Amino acid sequence: MPVQPISLETLLASVGKEVGLSPWRVVTQTMIDQFADATDDHQFIHCDPARAAAEAPFGGTIAHGFLTLSLLSAMTFETLPPLAKGKMGVNHGFDELRFPAPVKTGARIRTRFVLAEVKARPSGWVQASHDVTIEIEGSLKPALTARWLTLTFVEPETQDA
């Protein structure tokens, strides 16, 4: 079900609050293998279940940290409301990105979003900063913590003469 758009005023009033918690998502070996193919990162801890079980300290294969990071996009679209009248959104970067714990194959993850800051620029760009935490079901440590900066372009309203 699509998330309904919110106004800039509602977004601004949400600074400092938790604004979303995504549904749980299973990280499968197929996802890991496809990511390895896309990035040419076929390290055995990701792609060789038998060797990873025998030689790695994780008990099996784990997701790439960058795969975990990339899942933020999907979890955002299914969780956070878009900005009303937003024409497009782009990633602007991350501050203090960390991977405190590995995501084991078959684990369920979800993202908690806290809106840290919003800057509405006269140009029509709105920068939002979210403190994101990707949680691993049953783990005390998260898979990822970061401050995520995004930009949304909102067409400036024209005034009729």
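How many helices and strands does the protein have? The protein has five helices and six strands, where helices (H or I, at least four residues) and strands (E, at least two) are DSSP runs numbered from the N terminus. The model is predicted, so that local features need pLDDT of at least 70 and side-chain atom pairs count only at pLDDT 80 or more, while totals for chains, interfaces and linings use all residues. Residues are numbered from 1 along each chain as its sequence is written, and side-chain values use heavy atoms, with hydrogens and water left out.

Along the sequence, the elements follow the pattern α-β-β-α-α-α-α-β-β-β-β. The C-alpha trace spans about 75 × 30 × 30 Å along its principal axes. Of the 161 residues, 37% count as buried; buried means under 20% relative accessible area, exposed over 50%, and partly exposed in between (1.4 Å probe, protein chains only). Contacts (heavy atoms within 4.5 Å) were examined between residues at least 6 apart in sequence, and 72% of these join residues at least 24 apart. The accessible surface, computed by the Shrake-Rupley method with a 1.4 Å probe, comes to about 9,300 Å², of which 55% belongs to carbon and sulfur atoms. The protein has 14 positive and 18 negative side chains, with the centres of the two sets 6 Å apart. In this count Lys and Arg are positive and Asp and Glu negative, whereas His and the chain ends are not counted; the place of a charge is NZ of Lys, CZ of Arg, CG of Asp or CD of Glu.

Helix H2 comprises residues 29–39, and its buried residues are Gln29, Ile32, Phe35 and Ala36. These residues lie on the same side of H2, because they cover an arc of only 125 degrees around the axis, the arc being that of the directions from the helix axis to the C-beta atoms. An α-helix has 3.6 residues a turn, so residues three or four places apart point the same way. The face turned away from the buried side of H2 carries the exposed residues Thr30, Gln34, Asp37 and Ala38. The cover of the buried residues of H2 includes helix H3 (44–47), helix H4 (49–55) and H5.

In H5, the buried residues are Leu67, Thr68, Leu69, Leu71, Leu72, Met75 and Thr76. They pack against strand E2 (25–26), H2, E3, strand E4 (108–120), strand E5 (125–136) and strand E6 (144–154).

Thr79 is placed in the loop between helix H5 (65–77) and strand E3 (86–98). With a relative accessible area of 13%, Thr79 is buried. Not counting residues up to four places away in sequence, Thr79 touches Val3, Gly20, Leu21, Ser22, Pro23 and Phe113. A polar atom of the Thr79 side chain lies 2.7 Å from the backbone oxygen of Met75.

Backbone angles are considered next. Most residues other than glycine have a negative phi. Lys85, in the loop between H5 and E3, has a positive phi near 65 degrees. Lys85 counts as exposed, at 54% relative accessibility. Glu96, in strand E3, has a positive phi near 55 degrees, and its relative accessible area of 67% makes Glu96 exposed. Asp40, which follows H2, has a positive phi near 60 degrees.

Key. A polar contact is a pair of N or O atoms within 3.5 Å; within protein, one must be able to donate a hydrogen and the other to accept it, and residues adjacent in sequence count only if both atoms are side-chain atoms.
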